[in-house]
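Let's take a walk through a protein model together.

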Amino acid sequence: MTDTETPTDAEVEAREPDRSIEAAHEVATAVRDNVEAVMIGQRETLEHTLTAILAGGHVLLEDVPGVGKTMLARAIAGSVDGAFKRVQFTPDLLPSDVTGVNVFDRSTQEFEFRPGPVFANVVLGDEINRAPPKTQSALLEAMEEGQVTVDGESHALPDPFTVVATQNTVEGDRAYDLPLAELDRFTKTLSLGYPDQSQESDLLARVSGRHPIEDLEPVASLADLRAARQTTADLTASAEIRDYVSRLAGYTRETAQLGVSPRGSITLLRAARARALLEGRSYVVPDDVQIEARVVLPHRIRTGTAGTGEDVVTDALASVDVE
């Protein structure tokens with residue numbers, strides 16, 4: 001093709017997406033702004049969710065029913081033209097109900113794998129703590145390795161793949177605690193909270209007729225999101241930043257009954273890179289680490305009877321100097 005020829009649609013789609021900082025930043029901000037058409041007054045939580053996705057991670061939302069957890073997951077999936085699936089976790093849910101199952105096909109005399117709802121780009125695990133630990137653990141391999149294994153055979157999940165799980169914080173007596181091994185797979189634990197009066201009034205005006213989620217159009221492709229994730233992973237994190245993350249994790253290990261694992265340190269650095277991208281920078285600064293540490297680290301810490309994980313992280317940020 002010469003310089004004057006117009007490329008075909010197929011040739012345009014086959015080209016590598018632009019992985020520059022500017023292009024990735026535009027993708028992230030476009031998705032954020034698009035979701036805000038549905039989620040009112042939730043920019044902080046939305047940005048934390050986006051940075052988790054850019055970092056290749058997963059999000060756990062702990063909140064009361066009815067504040068928009070499902071809507072957030074649907075809006076993000078719709079904004080990047082991705083497949084969305086919802087799994088309602090219940091006490092009788094089986095692992096195969098999540099991952100899929102092999103079914104015997106009489107016409108071919110062979111077993112055929114039928115994918116479960118985990119095979120989507122954004123998977124909402126609703127009230128994950130209502131299912132027993134065996135079913136909860138069905139997500140572990142998916143979240144860590146991007147695949148599921150059924151009857152000894154591995155099946156790759158879509159790329160990108162993100163789990164947005166919710167926990168019911170009201171009816172704790174009818175729920176199972178998530179094991180630490182599973183909590184550690186979540187990049188962040190977040191809460192939406194109730195809107196204030198003006199935000200709720202605006203929300204009521206928007207949903208008086210057709211809900212805005214029904215008219216939400218994608219503003220980025222899955223290829224755009226994959227490219228933005230790669231750009232995020234390539235952002236500069238200096239030796240000083242890496243040392244700062246390590247010293248924060250070390251503080252939690254020295255002061256808590258169970259501190260942040262190396263996986264937690266890695267996750268924090270990835271989230272800080274994503275925060276830098278959202279701010280339009282090609283490098284990580286200490287502020288990125290500090291903002292992300294408050295939601296990346298607390299759920300990985302066990303304090304025994306004294307204080308909470310949030311308290312330990314607050315003390316760490318106040319006590320560990322930035323060098």
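Predicted model: local features only at pLDDT ≥ 70, side-chain atom pairs only at ≥ 80, totals over all residues.

Residues are numbered from 1 along each chain as its sequence is written, and side-chain values use heavy atoms, with hydrogens and water left out.

Let's begin with the sheet. Helices (H or I, at least four residues) and strands (E, at least two) are DSSP runs, numbered from the N terminus. Two strands pair if DSSP finds at least two bridges between them. In general, strands of a sheet pair through backbone hydrogen bonds, either parallel or antiparallel. Here you'll find an open sheet of 5 strands with parallel pairing, in the order E2-E5-E8-E1-E9. Its edges are strand E2 (84-88) and strand E9 (188-190), each pairing on one side only. On average, neighbouring strands are turned by 20 degrees against each other, direction ignored. (Axes are lines fitted to C-alpha atoms, for helices over the stretch in contact, and angles run from 0 to 180 degrees between N-to-C directions.)

Now zoom in on one pair. Strand E5 (residues 122-126) and strand E8 (residues 162-168) run parallel over 4 bridges, and Gly125 has Ala165 in E8 as its bridge partner. Packed on the sheet is helix H3 (residues 43-54), which touches strand E1 (59-63), E8 and E9; contact means heavy atoms within 4.5 Å. The direction of H3 makes about 160 degrees with that of E9.

Next up is helix H2 (residues 21-35). How far apart should its ends be? Its 15 residues at 1.5 Å a residue should span 21 Å, and the end C-alpha atoms are 21 Å apart, so the two agree. The expected span is 1.5 Å times one less than the number of residues. Among the buried residues of H2 are Val27, Val31 and Val35; buried means under 20% relative accessible area, exposed over 50%, partly exposed in between (1.4 Å probe, protein chains only). The buried residues of H2 pack against H3, helix H4 (69-79), helix H10 (222-233) and helix H12 (262-278).

The largest pocket holds about 620 Å³. It is lined by 28 residues, with Ala55, Gly56, Gly57, Met143 and Arg270 nearest its centre. The largest cavity has a volume of about 130 Å³, and Leu50, Ile53, Ile76, Val80 and Leu225 are the closest to its centre among 13 lining residues. A volume is the space filled by probe spheres set on the points, which are joined across faces, edges and corners.

Most residues other than glycine have a negative phi, and most peptide bonds are trans. The bond from Asp159 to Pro160, however, is cis, with omega near 5 degrees. Asp81, in the loop between H4 and E2, has a positive phi of about 55 degrees although it is not a glycine. Asp81 counts as exposed because its relative accessibility is 53%.

Technical notes
1 Å grid on protein atoms, 1.4 Å probe; cavity = no way out; pocket = protein on both sides within 12 Å on 5 of 7 lines; lining within 4 Å.
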